[in-house]
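Hi everyone, thanks for coming along.

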Amino acid sequence: MTRAHVPAGTVVSVSGLSKAFRNVVALEDVTLSIEAGEAFGILGPNGAGKTTTVECVAGTLRPDGGRVTVLGVDPAADRATVRGRVGYQLQAAALPPALRVEEALRLFAAFYPEPADVPELLRIVGLHEHRKRPFDKLSGGQKQRLSIALALIGDPDVVVFDELTTGLDPQGRRDIRQLIQRVKDDGITVVLVTHYLDDVERLCDRLAIIDAGRTRFVGTPAELLAVSGTGPGGHGSLEDAYLAFIEQAPAE
Ligand SMILES: Nc1ncnc2c1ncn2[C@@H]1O[C@H](COP(=O)(O)OP(=O)(O)OP(=O)(O)O)[C@@H](O)[C@H]1O
Ligand SMILES: [Mg+2]
């Protein structure tokens with residue numbers, strides 16, 4: 001893919017975000033910003049508020065309080081702008097079982113004014129050979145590839161992947177990581193929600209840790225190692241640093 005325009009500066013800005021579902025407080029105070037061209041990791045325990053945060057960024061969920069700006073607009077108010085420029089990994093399981101790979105891409109391409117080229121996208125995600133295969137005959141890794149292709153079909157400037165590598169074998173995860181790296185190399189800003197510290201280590205320029213609906217940390221992997229006291233000079237991995245940080249974080 002050759003990108004005609006690449007945005008510069010801050011592309012995602014989230015400040016003081018709050019969101020409750022009935023009596024469940026999902027977000028209390030999430031604040032972070034993501035720069036153009038970055039790969040940005042979002043980590044945190046199960047139920048911390050990561051998916052809720054990225055849904056507010058993608059504009060599929062409206063926050064109760066705080067401010068979200070994506071490419072200069074409020075994603076909940078300006079759905080049209082955000083839909084065309086922000087790709088969000090679709091819950092792949094929602095596709096009809098008999099829908100074929102290429103059909104799914106062509107169907108979704110029709111929603112966008114300037115979609116990506118379907119055959120090229122099929123080749124990029126490694127599904128060209130499987131383009132006639134129905135969705136329910138795809139392996140887990142192939143479904144993830146299709147999810148990536150669907151997130152990229154609108155030729156977005158920003159793409160959000162929520163737990164893309166969960167449930168894949170090591171080789172599948174490596175392949176998906178290479179694919180994400182390729183997306184990043186193409187100048188697309190990547191937001192990656194993951195529980196895998198090695199994904200963050202290999203792909204992300206910066207990361208945020210969200211815990212109990214609040215951002216506890218925003219910085220580079222090296223900064224996380226430094227603040228957690230496990231490195232540099234220490235001997236810990238990024239996973240050790242993350243776990244140490246989460247365990248030290250004050251409970252609220
Ligand atoms: N639609 C909803 N209705 C009620 N509660 C919700 C809803 N969506 C999320 N929650 C709650 O909000 C909190 C944050 O959920 P969220 O899905 O954002 O967490 P997460 O960090 O993505 O977790 P995981 O790592 O398990 O995916 C949880 O307590 C969850 O149960
Ligand atoms: Mg989640």
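**Around the ligand**

Let's start with ligand 1: there are 13 residues around it, and Gly 47, Gly 49, Lys 50, Thr 51 and Thr 52 come nearest. A residue counts as near a molecule if one of its heavy atoms lies within 4 Å of it. Before I go on, a word on the source: this is a predicted model, where local features need pLDDT of at least 70 and side-chain atom pairs count only at pLDDT 80 or more, while totals for chains, interfaces and linings use all residues. Residues are numbered from 1 along each chain as its sequence is written, chains are lettered from A and ligands numbered from 1 in the order in which they are written, and side-chain values use heavy atoms, leaving out hydrogens and water.

Now, which atoms pair up with the oxygens of ligand 1? From Gly 49, a backbone N or O atom sits 2.9 Å from a ligand oxygen. Thr 51 brings a side-chain N or O atom to 2.8 Å from an oxygen of ligand 1, and for a side-chain N or O atom of Thr 52 the distance to a ligand oxygen is 2.5 Å. On its own, ligand 1 has 640 Å² of accessible area, and the protein covers 60% of that (Shrake-Rupley method, 1.4 Å probe).

Which elements build the shell? Both β2 (24–35) and α1 (50–58) supply at least two residues each, and α1 gives the largest share, with three. These elements are DSSP runs numbered from the N terminus: helices are H or I with at least four residues, strands E with at least two. By class, the shell has five nonpolar, six polar and two charged residues, with Gly counted as polar.

**Helix packing**

On to the helices, with axes fitted to C-alpha atoms over the stretch in contact and angles running from 0 to 180 degrees between N-to-C directions. Helix α5 (residues 140–152) packs with α6 (residues 170–185) at about 10 degrees, their axes 11 Å apart. That makes α5 roughly parallel to α6, a label for angles under 35 degrees.

Helix α3 (residues 101–109) also packs with α5, at about 20 degrees with axes 10 Å apart, so α3 and α5 are roughly parallel to each other.

Finally, α8 (residues 221–228) and α9 (residues 238–248) pack at about 55 degrees, with axes 9 Å apart. Those two are therefore oblique to each other, the class left over once under 35 (roughly parallel), over 145 (roughly antiparallel) and 65 to 115 degrees (roughly perpendicular) are taken out.

Methods
Polar contact = N/O pair within 3.5 Å; in protein donor to acceptor, adjacent residues only side chain to side chain.
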